[in-house]
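Colleague: Could you walk me through this one? I have a few quick questions.

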Protein chains: 2
Amino acid sequence: MAKEKLVEQITDMETDFAQWYTDICRKAELVEYASVKGFTILRPYGYAIWENIQQIMDGEFKKTGHQNVAMPVLIPESLLRKEGELVNGFAPEVAWVTKGGSEELEEPLAFRPTSETMFCDHWSRVLHSYRELPMLYNQWCSVIRWEKTTRPFLRSREFWWQEGHTIHETAEEAEAETAQQLKCYADFFENVLAIPVVPGRKTEKEKFAGAEATYTCECMMKDHKALQGATSHYFGDKFSRAYNVTFTGRDNKVQYPFQTSWGSTTRMIGAVIMAHGDNNGLVLPPKIAPIQVIVLPIAQHKPGVLEKAQELVDRLAKLGLRVKGDFTDNSPGWKFANWEMKGVPLRIEIGPKDIENNQCVAVRRDDREKLFLSLDELDTKVPELLDAVQKSLYEKAKANMEEHTYPAYSLEEAKKIQEEKGGFIKTMWCGELACEMKMKEQAGMSSRCMPLHQEHLADTCPICGKPAKHMIYWGVAY
Amino acid sequence: MAKEKLVEQITDMETDFAQWYTDICRKAELVEYASVKGFTILRPYGYAIWENIQQIMDGEFKKTGHQNVAMPVLIPESLLRKEGELVNGFAPEVAWVTKGGSEELEEPLAFRPTSETMFCDHWSRVLHSYRELPMLYNQWCSVIRWEKTTRPFLRSREFWWQEGHTIHETAEEAEAETAQQLKCYADFFENVLAIPVVPGRKTEKEKFAGAEATYTCECMMKDHKALQGATSHYFGDKFSRAYNVTFTGRDNKVQYPFQTSWGSTTRMIGAVIMAHGDNNGLVLPPKIAPIQVIVLPIAQHKPGVLEKAQELVDRLAKLGLRVKGDFTDNSPGWKFANWEMKGVPLRIEIGPKDIENNQCVAVRRDDREKLFLSLDELDTKVPELLDAVQKSLYEKAKANMEEHTYPAYSLEEAKKIQEEKGGFIKTMWCGELACEMKMKEQAGMSSRCMPLHQEHLADTCPICGKPAKHMIYWGVAY
């Protein structure tokens, strides 16, 4: 009956990438399926990653004047229906509350799939004057979308996110906000998650329901599939008009403000797993790792070892690092495997011989490089090593993306590259939905984005031969 | 059509305390009613208070080894029904999701009113060995209880809270956790919210549905009514048995862990308003104030004033204080009233004469004391003043509570004190429900708690005359 806990083998990513991913999610104790179909539980280690993401990202939002709020989780059906495109986009995925206590509700209430409608409803009642603009709001919460399939972090009926919602006096200001927040996400992916991105604009087909324009950060996983990292939307004054959000302008006339929204989700954790993980488990960028350094005593029964290991823990903690000592009676081999599975960026080993030599052993999680560090220089070397791991993860992810981004000059070529290599395939595009659909049908790829950084690959759309309007990225996406 | 924004008068608390409270909630822009009946919106200023509360409290939880997680928001009806007392306690207040997308659900899903059931369900699948105990979990989220009436922060269908859930190897450890978390709350109320509390145990009638014992921090508002501040529950192994949560013990036999839960909510903001506010508006303890110091330039059109004011803002920000300069073109009088309404603990004014004299004027929000501070000693004096405000708020709240706590030796006396003065009324009690009900029916008071610190007031219960078992506090509560 004793249920023993082991560090179990995970599936190799080359054998079955999807199974490898699920194995990591569960065996690194990030997430567990709930008994409610389609729902997942963020366990302490997974949630700690999310907390680190939240803390850093929230700080960035606040630097540019954004404020957090909390809007109601339930939205009356009539309110949701005021903006036709949005409700049509989300209606098939909405969970409905129809009963409160013992009473059947007169009007069903939607569990928010997104909160544009609630923000607009609130603004319609509190906004008065241009002096109060912009209103730069954000909230951290969970949303529900009634998906058919479940994959931890990537697709679940409930997920955790932040949703930014802002209103501005002019279209230009709102457009600048949309761009600023896209850049904020791109910087976050690159500097914090160590994942390079292609920032760009979504096509009409792929944009957010109700938005005038949607921008995205697209990134590439180790299986060369694409993942949409975060999105930033410009709404013009469409929702303002639908929800009667008005203000008195500088000209003393009633005007409609211009609106944006932007969001990022726990999906980012899925991106981190698939961008950096390996066959030994999770590999975490130091900036978001719940434990940045694990200290392991070697031959811990020998006198002085545990004390010295604890001393190292205390010393590194004083530097502001997230450090933990594993002083359990598990074997060193088990501990190595366990903390590798959990993706801790740096392992420090200290045993009797190291103590004699006033040194310790440091092993990087990313490349398993083993170094002897003098204890005298620990305080500088450990932060340097963590920086090096952070940079190296980014460089490797960047090389992966660059090596698997291919130009294509015909539909056939695009199809062939996709079948043989995967990755991002860039072509010119006429801008027509028909060609986008044809690429999907024949090469199995959706449009990822029209990158902000445009290249001129040819004069014509390789699908229809008409004049090209944009350079566009295609891919198979999560 | 121009909707102008003014600092409006609020109702005096002596005239109508309930209206005074609502006025502050809305005019200090803490909270707004949503268009969904029974739901409220936490606006940026209100949410910023909540963020400060969260940050400090979360830090305290983590110091004692608690970890945050995220559990699903929806609970299947069958799962909720496994523990009879809990579901009977909450069923009348549950909101039900019955439809997901276009499909009618086979089983209704409850929007969590509290998450004991979800934690137990999870633990039943992940707990294996005594080595994994204790599991010390917490989550910050919102819950729904379908209340009939709405009062901002005090009673609304959705509210924000933290719910701690832990399991332990032994009853003693779980009981110690319950006590530790009660003390954590009591310290938080006193040291952070500047509100003194009476910690104690709830009666059988008032305890949490399904708990073996419920402990509470009771506090007193300025109208001498009681408010339950936060609660800590001990469950024994009742839920473990109901949900089949087991582990292999040290004796290699299957055992049931012992469980606790403990929670505190956005209600704490309501407590802060009613414990410290005055007829000019909100009065915030510096430790949770979103803006601790507001810097106001006087005669700001005069050369050098704005620059000097900005210099003070920068200087105080460097000390780690939350400081803001109001450089709008509103009149100084408007600004004084506005920032008093918003409860900013310290106002600093600087004008041409002050600059000449190398000084500024500091005005405390709590007692409006006005001091001249030399700019040379700003860096030490401002933090000192904030500490003084924090302490003084606590002392005043403590005096209020002590002055309005009365012993009573008969039901008639208790009733008379309640009618004439309000406050906490302490008596002995036999421990019988009948006497508790009689106090409620005849004196309109519910039992608040049996304080941890017991006093011997008499030998018998003043209601029935039988031997007394406890000293108990009574009051009219929010």
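**Chat about the two chains**

Modeller: The count of salt bridges between chain A and chain B is two, and please keep in mind throughout that this is a predicted model.

Colleague: Which residue forms a salt bridge with B:Lys62?

Modeller: The partner is A:Glu51, and the closest N and O atoms of the pair are 2.9 Å apart.

Colleague: How many residues does the contact take from chain A and from chain B?

Modeller: Chain A gives 66 residues to the contact and chain B also gives 66 residues. Between them the two chains bury about 5,100 Å², of which 58% is on carbon and sulfur atoms.

Colleague: Switching to the fold, in what order do the 11 strands of the open sheet in chain A come?

Modeller: The order is S3-S7-S8-S14-S11-S10-S9-S22-S23-S21-S20 in chain A, with mixed pairing. At the edges stand strand S3 (67-68) and strand S20 (405-407) of chain A, and each has a single partner strand, so one side of each is left without a neighbour in the sheet.

Colleague: And what packs on the sheet around S21, S22 and S23 of chain A?

Modeller: That is helix H14 (residues 433-443) of chain A, which touches S21, strand S22 (446-451) and S23 of chain A, and whose direction makes about 150 degrees with that of S21(A). Strand S21 (residues 424-429) and strand S23 (residues 470-475) of chain A are themselves joined by five bridges and run antiparallel, with A:Ile425 standing opposite A:Trp474 in S23(A).

Colleague: What about strand S18 of chain A, is it enclosed or open?

Modeller: Strand S18 (residues 359-364) of chain A has six of its six residues buried, so it is largely enclosed by the rest of the structure. A:Gln359, A:Val361 and A:Val363 point one way from S18(A), while A:Cys360, A:Ala362 and A:Arg364 point the other way, and all are buried.

Colleague: Which strands do the bridges join to S18(A)?

Modeller: Four bridges join strand S17 (residues 346-350) of chain A to S18(A), and the two run antiparallel; here A:Arg347 has A:Val363 as its bridge partner. Five bridges join S18(A) to strand S19 (residues 370-374) of chain A, again antiparallel, and A:Val361 has A:Phe372 in S19(A) as its bridge partner. S18(A) and S19(A) form a hairpin with five residues between them, and A:Arg368 in the turn has a positive phi of about 60 degrees.

Colleague: Where else is there a positive phi in a residue other than glycine, say in chain B?

Modeller: Among them are B:His224, with a phi of about 70 degrees, in the loop between strand S10 (213-220) and strand S11 (226-236) of chain B, and B:Asn244, with phi near 55 degrees, in the loop between helix H7 (238-243) and strand S12 (247-248) of chain B.

Colleague: Which peptide bonds are cis?

Modeller: One of them runs from A:Leu133 to A:Pro134, with omega near -5 degrees, and another runs from B:Leu133 to B:Pro134, also with omega near -5 degrees. A:Pro134 lies in the loop between helix H5 (116-126) and strand S7 (135-144) of chain A, and B:Pro134 is found in the loop between helix H5 (116-126) and strand S7 (135-144) of chain B.

Colleague: Last one, what span should helix H12 of chain B have?

Modeller: At 1.5 Å a residue, the 26 residues of helix H12 (residues 378-403) of chain B should span 38 Å, and its end C-alpha atoms are 36 Å apart, which agrees. The buried residues of H12(B) include B:Leu378, B:Val382, B:Leu385, B:Leu386 and B:Val389.

Technical notes. Residues are numbered from 1 along each chain as its sequence is written. Chains are lettered from A and ligands numbered from 1 in the order in which they are written. This is a predicted model: local features need pLDDT of at least 70, side-chain atom pairs count only at pLDDT 80 or more; totals for chains, interfaces and linings use all residues. Side-chain values use heavy atoms; hydrogens and water are left out. Two strands pair if DSSP finds at least two bridges between them. Contact means heavy atoms within 4.5 Å. Axes are lines fitted to C-alpha atoms, for helices over the stretch in contact, and angles run from 0 to 180 degrees between N-to-C directions. The expected span of a helix is 1.5 Å times one less than its number of residues. Buried means under 20% relative accessible area, exposed over 50%, partly exposed in between (1.4 Å probe, protein chains only). Buried area is the accessible area (1.4 Å probe) that two parts lose on being put together, summed over both. A salt bridge is a side-chain nitrogen of Lys or Arg within 4 Å of a carboxyl oxygen of Asp or Glu.
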